[in-house]
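Hi,

Here is the structure I promised to pass on.

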Amino acid sequence: MLLPALRFSHQLLKEIVSEGDHVIDATMGNGNDTLFLAELVGSTGHVYAFDIQEQAVENTRKKLADYTDRSTLFLAGHETIEEKIASDQPIRAAIFNLGYLPKSDKQIVTLPETTKQAMTAILKRLSVGGRMIVVIYYGHEGGETEKNEVLNFCQNLPQEKFSVLNYQFINQKNNPPILLCVEALNH
Ligand code: SAM
């Protein structure tokens, strides 16, 4: 069966993340991806997670109670990745789930400019074979603009440096999410 975006994103991460890797959850939310990543990197790896909502960080902190040593949860926007993570720290994988946190304030959404800033900081640090996954939910106000800007950003990445995959069920109703996977090549 073709995997839904969420399950496919986890498969793409699982294929390349190993014990000891450093990874980023750029949109922590309730911490589901943060927990998944913490399990993949093991006790010698590290997950850096970002969110601008206190509730998100609190929910994630509870979920990661067994993994405090291998995770850093920032109550800060992903646009601060450049200052929070050393420029020489290789990053094996990163994930974004754009849009708003389900069952929460729908006005608090990711924004095109800060998303692009974060993607730029991540791509600078991505190790060869590493992947940046961006799942775009765009049914909300402003979502269409963000979708177009993120697609445009990824479409224009140089093909000698990155492979970019676009995965979407194109016959589904109600704005099915778009999953982009950017893989760093050996150049
Ligand atoms: N992956 C999450 C999970 O497993 O629950 C869901 C993420 S939800 C679709 C999007 C999240 O992005 C929201 O929690 C929102 O607060 C957060 N967000 C919005 N702007 C942000 C920013 N500039 N930096 C980091 N997170 C941001």
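Below is what I found, going from the whole chain to single elements.

First, the ground rules. This is a predicted model, where local features need pLDDT of at least 70, side-chain atom pairs count only at pLDDT 80 or more, and totals for chains, interfaces and linings use all residues. Residues are numbered from 1 along each chain as its sequence is written.

**Whole chain**

You'll see six helices and seven strands; helices (H or I, at least four residues) and strands (E, at least two) are DSSP runs, numbered from the N terminus. From the N terminus on, the order reads α-β-α-β-α-β-α-β-α-β-α-β-β. The radius of gyration (over C-alpha atoms) is 15 Å, close to the 16 Å from the globule rule for 187 residues, so the chain is as compact as a globular protein of that length. That rule is 2.2 Å times the number of residues to the power 0.38. The C-alpha trace spans about 40 × 40 × 35 Å along its principal axes.

Buried residues make up 40% of the 187; buried means 20 or more other C-beta atoms within 10 Å of a residue's own, exposed means 12 or fewer, partly exposed is in between, and C-beta atoms are placed from the backbone. Of the contacts with a separation of 6 or more, 71% join residues 24 or more positions apart (a contact is two C-beta atoms, placed from the backbone, within 7 Å).

**The sheet**

The seven strands form an open, mixed sheet in the order β3-β2-β1-β4-β5-β7-β6, where two strands pair if DSSP finds at least two bridges between them. β3 (71-75) and β6 (162-167) are at the edges with a single partner strand each, so one side of each has no neighbour in the sheet. From one strand to the next, the twist averages 10 degrees. Axes here are lines fitted to C-alpha atoms, for helices over the stretch in contact, and angles run from 0 to 180 degrees between N-to-C directions.

β5 (126-136) and β7 (178-184) pair in the antiparallel sense over six bridges; M132 has V182 in β7 as its bridge partner.

**Helices on the sheet**

α2 (32-41) lies across β1 (22-25), β2 (46-51), β3 and β4 (91-98), at about 170 degrees to β2. Its buried residues are D33, T34, L37, A38, L40 and V41. Seen down the α2 axis they fall within an arc of 160 degrees, so they line one face of the helix; the arc is that of the directions from the helix axis to the C-beta atoms. They pack against α1, β1, β2, α3, β3 and β4. Just after α2, G42 has a positive phi of about 65 degrees. α3 (54-63) lies across β2 and β3, at about 165 degrees to β3.

α6 (143-155) has 13 residues and reaches 18 Å from first C-alpha to last, close to the 18 Å expected at 1.5 Å a residue (1.5 Å times one less than the number of residues). E146, K147, V150 and C154 are its buried residues. They fall within an arc of 100 degrees down the α6 axis, so they line one face. Their cover includes β4, α5 (112-125), β5, β6 and β7. On the face turned away from that buried side are the exposed residues E144, T145, N152 and Q155.

**One last residue**

L6 sits in α1 (5-16), and it counts as partly exposed because it has 14 C-beta neighbours inside 10 Å.

Cheers
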